[in-house]
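Here are my notes on this model, as numbered points. Please read them with the coordinates open.

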Amino acid sequence: MSLEAFREETRAWLEENCPASMRTPMPADETPNPGRRAQFKNPDTKVWLDLMAEKGWTVPHWPTEYGGGGLSIDENAVLREEMARIKARTPLFGGMGTSMIGPALLEFGTEEQKKEHLPRICRGDIWWCQGYSEPNSGSDLASLQTKAVVDGDEYVINGQKIWTSGADNADWIFCLVRTDFDAPKHDGITFVLFDMDQPGVEVKPIKLISGLSPFCETYFTDARALRNNVVGEVNRGWTVAKRLLQYERTSIGGGMGGAGGGGLGKTLGHVALERYGEADGKVADSTLRDEISTHIMNDRAFGLTVRRNGEESRTTTAPTFASSMFKLYGTEQNKNRLELLMKILGTQMLGWEGDQFEEADLGQTRAWLRSKANSIEGGTSEVQYNIIAKRVLGLPD
Ligand SMILES: Cc1cc2nc3c(=O)[nH]c(=O)nc-3n(C[C@H](O)[C@H](O)[C@H](O)COP(=O)(O)OP(=O)(O)OC[C@H]3O[C@@H](n4cnc5c(N)ncnc54)[C@H](O)[C@@H]3O)c2cc1C
């Protein structure tokens, strides 16, 4: 089918199937809590999710046999444009399922694993979390100590993970465990999947300055994982783990490009103009104007670089070590954006609660605090510098 024919068909399908209430911005209190414990405040959210999942369009670029839409890059771009045209909401908040474990399974999973796990991600049935970091293993991840021992068809797992994002809502975990304590540290690690809903798993949310608990301490006491849920080879999990980190870093870094206004649906320039605009259409404060222009130009250049890399990788297999550059730059750019927003909004951006603050601005205060973690999660900026030096630039140790 030609791209134009695909566009027409897509437009007609969306017009017919996208409920009217799904053509508005998503209010924070309607964001569904996906997975087994999903609750849909607005029933249309579920209708929309199911219709799109049936079509394979919650993860349009995945193969159809695993619940995706089998769309090409160009078709996928058309679908996004057509959804944007009618302001359709994202049907699935896929989280780590679509951006991390899904792509890793497509690359390393057995046929049985792909058939079991990928369609459930596409339908939003299962919410995943990432069991990598431990109290003494963050940047030096390969030193991890969570232990897995074979018992018949299963592994018995003991140990502790930390900073496990969303573990208190997660249904399944992809987890790094040590299966050989005698081998060099990178060679004794296995990558395994298991259900969080079992007696051997305990989750304790960690409360942050924002008042939220986005991540948890996760304890395993004789937790069980089926041996056929090992991804890749036993003791070779480091290979899968590193690859998944590339998917994660691409998603964190690339997802932060774009000269947005911090979730306000407006560019920084527009927000500044609203607050400090003058009749000639310029932001009055010339220093601020300069900083905003620089930010927008950097954003534009970064967006183009991410796009060029995407175009180049059409001929190769997905992400490379360049994902570290995107992670490094994208997260710094996001932090810079929120710092600039802070300059623009002034004391409005320091609000926490109360009628004197606009609700949208209160959201920005929390976003500003949250942004500080961007250069830590998914591997710190210093770790990205090390990878770029070694793997991209080929510098000696
Ligand atoms: C918001 C958020 C969400 C997260 N979600 C998850 C999750 O879902 N699952 C999960 O497993 N983990 C998660 N993490 C953990 C994250 O991966 C780690 O915090 C990160 O890898 C850093 O490890 P660490 O905190 O132990 O810091 P450390 O490794 O102790 O680092 C401390 C400091 O030393 C520096 N440093 C360490 N080693 C080097 C080196 N070789 N060269 C130069 N500098 C170095 C670091 O850059 C850092 O500044 C999350 C973290 C955050 C902030």
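How exposed is Arg370, in relative accessible area? Arg370 is partly exposed, at 40% (buried is under 20% relative accessible area, exposed over 50%, partly exposed in between; 1.4 Å probe, protein chains only).

1. Basis. This is a predicted model: local features need pLDDT of at least 70, side-chain atom pairs count only at pLDDT 80 or more, and totals for chains, interfaces and linings use all residues. Residues are numbered from 1 along each chain as its sequence is written, and side-chain values use heavy atoms, with hydrogens and water left out.

2. Salt bridges. The whole structure has 24 of them (a side-chain nitrogen of Lys or Arg within 4 Å of a carboxyl oxygen of Asp or Glu). Arg370 pairs with Glu377 at 2.9 Å, N to O. Glu377 is partly exposed, at 27%. Glu15 and Arg23 form another bridge, their closest N and O atoms 3.1 Å apart. Glu15 is partly exposed at 39%, and Arg23 at 22%.

3. Arg243 and Glu107 form a salt bridge at 2.8 Å, N to O. This pair links distant parts of the chain: Arg243 sits in helix H6 (residues 237-254) and Glu107 in helix H4, 136 residues apart. Helices (H or I, at least four residues) and strands (E, at least two) are DSSP runs, numbered from the N terminus. Arg243 is buried at 12% relative accessibility; Glu107 is partly exposed at 36%.

4. Helix H5. Residues 111-122 make up this 12-residue helix. H5 reaches 16 Å from its first C-alpha to its last, close to the 16 Å expected (1.5 Å times one less than its number of residues). Its buried residues include His117, Leu118 and Ile121. The buried residues of H5 pack against helices H2 and H4, and against strands E1, E4, E5 and E8. Gly124 follows H5, with a positive phi near 75 degrees.

5. Largest cavity. Its volume is about 70 Å³ (the space filled by probe spheres set on the points, joined across faces, edges and corners). On a 1 Å grid over the protein atoms alone, a cavity is a set of points where a 1.4 Å probe fits but cannot get out; lining residues have an atom within 4 Å of a point. Gly124 is one of the lining residues, as are Phe40, Thr45 and Phe93.

6. Thr365. This residue lies in helix H10 (residues 359-371). Thr365 is buried, at 5% relative accessibility. Beyond neighbours within four places in sequence, its contacts (heavy atoms within 4.5 Å) are Gln348, Met349, Leu350, Gly351 and Trp352.

Key:
1 Å grid on protein atoms, 1.4 Å probe; cavity = no way out; pocket = protein on both sides within 12 Å on 5 of 7 lines; lining within 4 Å.
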